[in-house]
Amino acid sequence: MTGLEATGITYTVGRKLLDDVSVTFPAGTLVALSGPSGSGKTTLLSIAGGLLEPTAGTTSYDGRSMWQGTGDPRPDVAFVLQVYGLVPILSARENVSIALRARGVDPAEADERAEAALARFHIADLGDRQVEELSGGQMQRVACARGFVPGAAVLLADEPTSELDEGNRGLVLAELRAEAERGGIVVVATHDPAVVASCDLHYSLDEGRLT
Ligand SMILES: Nc1ncnc2c1ncn2[C@@H]1O[C@H](COP(=O)(O)OP(=O)(O)OP(=O)(O)O)[C@@H](O)[C@H]1O
Ligand SMILES: [Mg+2]
């Protein structure tokens, strides 16, 4: 199976945020990326997903670099962002639907699939609600629905369970697992030992270095 490789990644803005980090994220494997706050998890996911250009080192998936020269991710990459990245004045359904519309899916079909994605995270009843009216944990599940809805080959989830109770954390973990079993490349950055324990492969960062 193919994987996403990041090799010799260094990222410097003023100081080194990542220092010679090499990781492989194999397809079909649920990968945990852990480490203390500020250790570089979000920075590494951003480079792995093509949002940031590494100062040194390379990324590769399916024979091509993840960095496309612009900071726009490839269409085969989806994110669950740590700060959600939702549009507050749109409804939950619209926030999920735009991930598909942006990939060229017909609007009616996109709305239907968005509805189904909200249901996967048990928030189908919140589709019409504006995101700014939702609780933190509800927003986090909308962000999960938006990240999962394209069924992308690469899913990079940054602390997707940080605001959730145990039941909903289990739900998100089961959905991450399902994406990996479908053959996806699935990486979850987390502080939570229970999330790490349920992954197949674990990388740990400390001050920008692999430990
Ligand atoms: N654009 C930037 N310019 C300068 N420093 C930055 C920038 N982005 C991140 N940092 C710093 O880089 C370090 C790593 O940040 P990063 O967000 O990758 O950590 P993290 O492991 O995801 O932390 P957390 O668990 O809190 O989300 C931090 O010290 C942060 O302050
Ligand atoms: Mg982070």
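These questions and answers go through a predicted model.

Residues are numbered from 1 along each chain as its sequence is written, with chains lettered from A and ligands numbered from 1 in the order in which they are written. In this predicted model, local features need pLDDT of at least 70, side-chain atom pairs count only at pLDDT 80 or more, and totals for chains, interfaces and linings use all residues, while side-chain values use heavy atoms, with hydrogens and water left out.

Me: Which protein atoms are the donors of the magnesium ion (ligand 2)?
Reply: Donors are N, O and S atoms within 2.8 Å of the metal (3.2 Å for Na, K and Ca); water is not among the atoms, so sites may look incomplete. The protein donors lie 2.0 to 2.3 Å from the magnesium ion, and they are Thr42 (OG1) and Gln82 (OE1).

Me: How many residues apart in sequence are the parts that Thr42 and Gln82 tie together?
Reply: Helices (H or I, at least four residues) and strands (E, at least two) are DSSP runs, numbered from the N terminus. Thr42 belongs to helix H1 (residues 41–48), whereas Gln82 sits in the loop between strand S5 (77–80) and H2. The pair therefore ties together parts whose separation in sequence is 40 residues.

Me: Is Gln82 buried, partly exposed or exposed?
Reply: Buried means under 20% relative accessible area, exposed over 50%, and partly exposed in between (1.4 Å probe, protein chains only). Gln82 has 36% relative accessibility, so Gln82 counts as partly exposed.

Me: What is the bridge partner of Ala32 in S8?
Reply: The open sheet of six strands has mixed pairing and the order S5-S6-S7-S3-S8-S9. Within this order, strand S3 (residues 30–34) and strand S8 (residues 201–206) run parallel, joined by four bridges. In S8, Ala32 has as its bridge partner His202.

Me: Where is Ile98 found?
Reply: At 33% relative accessibility, Ile98 counts as partly exposed. The residue is found in helix H2 (residues 92–101).

Definitions and conventions:
Two strands pair if DSSP finds at least two bridges between them.
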